[in-house]
Amino acid sequence: MSELSSQDVIDALQPQGRCSAHSPIHLKVGSVVVEIRSNSEPVLSELRQYFLHAVVPDEDPTLTVYVLDDLDLPFDVAWSDWAREPGKAGRKDAISDLPNARLVRKVRTGMTFLQSTDWKIAFGPCKAYPNQVVNFVNTQILNHFQQLGWVGCHAAAVNCGERTLAIAGLSGGGKSTTMLKLMELDGGRYVTNDRLLVGSNTPHPDALGIPKLPRINPGTILHNPRLRSMLSATKQAELEALTDEELWTLEEKHDLMVGDVFGPDRIRHAASLTHFWVLNWSRETDEPTNVRDVKIEDRPDLLAAIMKSPGPFYQRPNGSFWQDDSPLEPEAYLAALKGVEVQEVSGQIDFDVLFQCGEKLFGAGA
């Protein structure tokens, strides 16, 4: 066939007609309203339950996401692999760039997405892989604010009173465990688990989490008394038999429903960012856990742990797409983080010591 266009994809999928029979969902995060339309009521029901804390009555949408279950394109697409980040193995995403649009395919699941200025469509086995639909919806929120100049950080965050603490580190470095322990503080509220948007403001920058519930590993669950009931007694016993090394490296994600575990009104996605911890600690040292102030402009190694590629779905305001070799801009992050107290966490990994540091940080701001 001739060169594929986004209109060819739209004509094949017919998203508006297929979704007309079901009432949409509206989510509001910060200033953006996302409308979700689908051809499947079970898919809508699951998404409505997942995003419950962000669902609002009908409002004029900023953007619309179409979710088409059990559909695929009736023609072949020429795919190319998207290079993964350093340290990540295996094929994950494939892309096909069209004029002013991009198709993205999840290699392992067959889920496919159309990303363009006018259309955001998820299609394929959506009912079987709702988490990938959730991720796509959140990607649109990230894209919206990044197009406005916000930066995307690889960080968890918790709010308490007038202070908000973001926590970054290497993948598996303990940011989710730290954030969830700090949720035990009186007034502690969940902001985000893995992606944080930061926009310049004075005296403290604006911060915005996305409505993505924490996906946590068994070690995080096992070492938090509030969360242990997420695992059966048999599973707890199996995990307790593992060595510390085996448990630390075990990747087996579980969704944490924050409202069910911590109670209502424990989520606040929008806040002012006051503090940032970068976890640079180690299981290979006996040095005591230490939290110290740093000038982030003098520590490119720590800044690298904060920065996060927008990924294959990101379309710039001029219509061009992010490429897998597009460079991040440290200057943009330094500008956005102006007014934030950045601290490095070094020494041995000790979540109890870090919790005590969090108590002091938030207690001083109460």
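Biologist: In which sense do strand E14 and E17 pair, and over how many bridges?
Modeller: This is a predicted model, in which local features need pLDDT of at least 70 and side-chain atom pairs count only at pLDDT 80 or more, while totals for chains, interfaces and linings use all residues. Residues are numbered from 1 along each chain as its sequence is written, and side-chain values use heavy atoms, with hydrogens and water left out. Helices (H or I, at least four residues) and strands (E, at least two) are DSSP runs numbered from the N terminus, and strands pair if DSSP finds at least two bridges between them. Alanine 207 stands opposite alanine 271 in E17, and strand E14 (residues 206-209) pairs with E17 in the antiparallel sense over three bridges.

Biologist: Which strands stand at the edges of the sheet, and why is one side of each left without a neighbour?
Modeller: The open sheet is formed by four strands in the order E9-E13-E14-E17, with antiparallel pairing. Each edge strand has a single partner strand, so one side of each lacks a neighbour in the sheet; the two are strand E9 (151-153) and strand E17 (270-272).

Biologist: At about what angle does H4 run to E13?
Modeller: The twist of this sheet averages 30° from one strand to the next, where axes are lines fitted to C-alpha atoms, for helices over the stretch in contact, and angles run from 0 to 180 degrees between N-to-C directions. H4 lies across E9, strand E13 (196-199) and E14, and its angle to E13 is about 15°.

Biologist: Which residues touch the most other members of the largest nonpolar core?
Modeller: A nonpolar core joins buried (under 20% relative accessible area, 1.4 Å probe, protein chains only; exposed is over 50%, partly exposed in between) Ala, Val, Leu, Ile, Met, Phe, Trp, Tyr and Cys residues through side-chain atoms within 4.5 Å. Beyond its neighbours within four places in sequence, leucine 47 is in contact (heavy atoms within 4.5 Å) with Ile25, Ile36, Val67, Val133 and Val134. Among the 66 residues of this core, the most other members are touched by Ile36 and Leu47.

Biologist: How far apart in sequence are the parts that the pair of tyrosine 66 and tryptophan 119 ties together?
Modeller: Rings of Phe, Tyr and Trp (its six-membered ring) pair if their centres lie within 6.5 Å, with planes under 30 degrees apart counted as stacked, over 60 as edge-to-face and the rest as tilted. Tyrosine 66 and tryptophan 119 form a tilted pair, 5.6 Å centre to centre with 40° between the planes. Both are buried, tyrosine 66 at 9% relative accessibility and tryptophan 119 at 18%. Since tyrosine 66 lies in strand E3 (residues 63-69) and tryptophan 119 in the loop between strand E7 (112-116) and strand E8 (120-124), the parts tied together are apart in sequence by 53 residues.

Biologist: Which residue in the turn of the hairpin of E5 and E6 has a positive phi?
Modeller: Strand E5 (residues 93-98) has five of its six residues buried, and it pairs with strand E6 (residues 101-106) in the antiparallel sense over six bridges. Aspartate 97 has arginine 102 in E6 as its bridge partner. Two residues lie between the strands of the hairpin, and the one in the turn with a positive phi, of about 65°, is asparagine 100.
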